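Subject: Handover of a structure and notes on its salt bridges

Dear colleague,

Please find the structure below for your records. My notes on its salt bridges follow.

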Amino acid sequence: MSIKSDKWIRNAAQTHGLIEPFVDKQIKYDGSSTQPLVSYGLSSYGYDIRVANEFKVFTNVHNSIVDPKNFQENSFVRIVSDICIVPPNSFALARSIEYFRIPRDILTICLGKSTYARCGIIVNVTPFGPEWEGYVTLEISNTTPLPAKIYANEGIAQVIFFQSSELCETSYADRKGKYMKQVGITLPRI
């Protein structure tokens, strides 16, 4: 397996729709001002994805139990905003702005950006399997005893692309994976 470079990522995005919308460079400042952003876009050996402005933040108003086999929609409060405050020791779900189409010989790993990690905000490490496509549902944990701020439309995680020397026998699409072509924030499915 080899890691793919910016040149490969750019070509795959422009000719095969690997990432849409695709930003060809790292964006670090708001175009209309000198306001710094949490960076996003193409990097040397990966792509920094942005978080959309829709969040589902965990709440304990209904004394719910977190059960991945019987997940309750009322465990979350839906927020649409350019800023999301994640309560202390809690987490939120969100989605990427970018839509991905992963080739059959590629596996990706999505890692949280260090800017957030250094503040105690962790984005779960998630693979995108061969031939998976969709918007990424992001799991954002606030490990601190303080409220944490997440900025919509800015960087949240980096996707790293690995290419296999041979094609897999069964891809995510072949096995009809349960998160195939997800379009919004997708809750756990069994």
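Arg101 counts as partly exposed, at 30% relative accessibility; this class lies between buried, under 20% relative accessible area, and exposed, over 50% (1.4 Å probe, protein chains only). The model is a predicted one, in which local features need pLDDT of at least 70 and side-chain atom pairs count only at pLDDT 80 or more, while totals for chains, interfaces and linings use all residues. Residues are numbered from 1 along each chain as its sequence is written, and side-chain values use heavy atoms, with hydrogens and water left out.

A salt bridge is taken as a side-chain nitrogen of Lys or Arg within 4 Å of a carboxyl oxygen of Asp or Glu. Seven salt bridges are counted by this rule.

Arg101 pairs with Glu20 in one of them, at 2.4 Å from N to O. Because Glu20 belongs to strand β2 (residues 19-20) and Arg101 to strand β8 (residues 90-101), this contact ties together parts 81 residues apart in sequence. Strands are DSSP runs (E, at least two residues), numbered from the N terminus. Glu20 is also partly exposed, with a relative accessible area of 39%.

A further salt bridge joins Glu98 to Arg50, with 3.0 Å between the closest N and O atoms. It links strand β8 to strand β5 (residues 46-58), 48 residues apart. Both Glu98 and Arg50 are buried.

Arg104 and Glu131 also form a salt bridge, at 2.8 Å from N to O. Salt bridges with shared partners connect Arg104, Glu131 and Asp174 in one network.

With kind regards

Methods: Helix = DSSP H or I, 4+ residues; strand = E, 2+ residues; numbered from the N terminus.
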